[in-house]
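Let me put the model up, and then we'll walk through it together.

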Amino acid sequence: MSTDSGGGGSDAIQAAEERAASTRDRNLPQFDDLPIPADTANLRLGADLNDACLALLPLVGVWRGEGEINYSTMERPVRFGQQLTIAHDGRPFLFHEARSWLLDEDGKVIRPAAREVGWWRPQPDDTIELLLAHSSGILELFYGKPRNQTSWELGTDAVVRTTTAKEVTGAQRLYGLINNGDLGYVEERAMVGEPMQPHASAHLRRVVG
């Protein structure tokens, strides 16, 4: 997956402004009576992004698109759709929620699929902690760092699962801005007795922010 590694921070902000012509006025649905700052996925609205999260600024938004799952234990690749929300409330972490649905060969929705929720926790030394809880019964703690201004690479330090979940021993993820500011990611995973290998990839377009 190619990522954009050139240009300074001001260039990245200007490019994001140009790409946001159709999404800049959209945000997460909000309750107006919440007594604390609400989550926002739009950097122009709501609480200011905490300085600790500036290295993750390009990720903030709601992203939607399609991807593919494949593994050596599967008979064939499976297409899926996904919405990824990365939001904040002004504190030094980001909220993460991904909702997926399976697609048939014609792109029609078959049924809901995997869900995951968690938190991106950037640290002063540029380390990123990513905690994810999956609806399948898996809990993962990733550590990583930015590769550059528009890509982030992480790998698991710990994996915990319920007694009914599939065996998973490790995972790696690479997120990055790709063509026209879209978000792409690839994931490798070691599970069900197999070594680490490619498992999922997706190409998502910004719909909020």
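So, which residues in the largest nonpolar core touch the most other members? They are Leu56, Leu59, Leu84, Leu94, Trp120, Leu154 and Tyr175, out of 26 residues in that core. By nonpolar core I mean a set of buried Ala, Val, Leu, Ile, Met, Phe, Trp, Tyr and Cys residues joined through side-chain atoms within 4.5 Å. Buried is under 20% relative accessible area, exposed is over 50%, and partly exposed is in between, with a 1.4 Å probe and protein chains only.

Quick housekeeping. This is a predicted model, where local features need pLDDT of at least 70 and side-chain atom pairs count only at pLDDT 80 or more, while totals for chains, interfaces and linings use all residues. Residues are numbered from 1 along each chain as its sequence is written, and side-chain values use heavy atoms, with hydrogens and water left out.

Strands here are DSSP runs of E, at least two residues, numbered from the N terminus. If you zoom in on Leu56, you'll find it touching Leu94, Trp120, Pro122, Ile128 and Trp152, leaving aside residues up to four places away in sequence; contact means heavy atoms within 4.5 Å.

Now the strand pairing. E5 and E6 (residues 138–148) run antiparallel, with six bridges, and pairing requires that DSSP finds at least two bridges between the strands. Glu129 has Tyr143 in E6 as its bridge partner. The hairpin of E5 and E6 has three residues between the strands, and Gly137 there takes a positive phi near 100 degrees. Going on from E6, the hairpin to E7 goes through two residues, and those strands pair antiparallel over 10 bridges.

Two loop residues have positive phi without being glycine. Asp126, in the loop between E4 (109–122) and E5, has phi near 75 degrees. Asn180, in the loop between E8 and E9, is at about 60 degrees. Are they buried or exposed? Asp126 counts as partly exposed because its relative accessibility is 48%, while Asn180, at 69%, counts as exposed.

Okay, charges. The count is 10 salt bridges, taking a side-chain nitrogen of Lys or Arg within 4 Å of a carboxyl oxygen of Asp or Glu. One of them joins Glu66 and Arg79 at 2.7 Å, N to O. That pair links distant parts of the chain, with Glu66 in E1 (residues 61–69) and Arg79 in E2, 13 residues apart. Glu66 is partly exposed at 40%, and Arg79 is partly exposed at 29%.

Then there's Glu187, in strand E9. What does its side chain meet in a salt bridge? Arg173, at 2.8 Å, N to O, and this pair also links distant parts of the chain, E9 to E8, 14 residues apart. Glu187 counts as buried because its relative accessible area is 6%, and Arg173 is buried at 5%. Arg189 also forms a salt bridge with Glu187, at 3.0 Å, and both of those residues are buried. Zoom out, and Glu116, Glu140, Arg173, Glu187 and Arg189 are linked in a network of salt bridges.

That's my tour, so over to you.

Notes
Helices (H or I, at least four residues) and strands (E, at least two) are DSSP runs, numbered from the N terminus.
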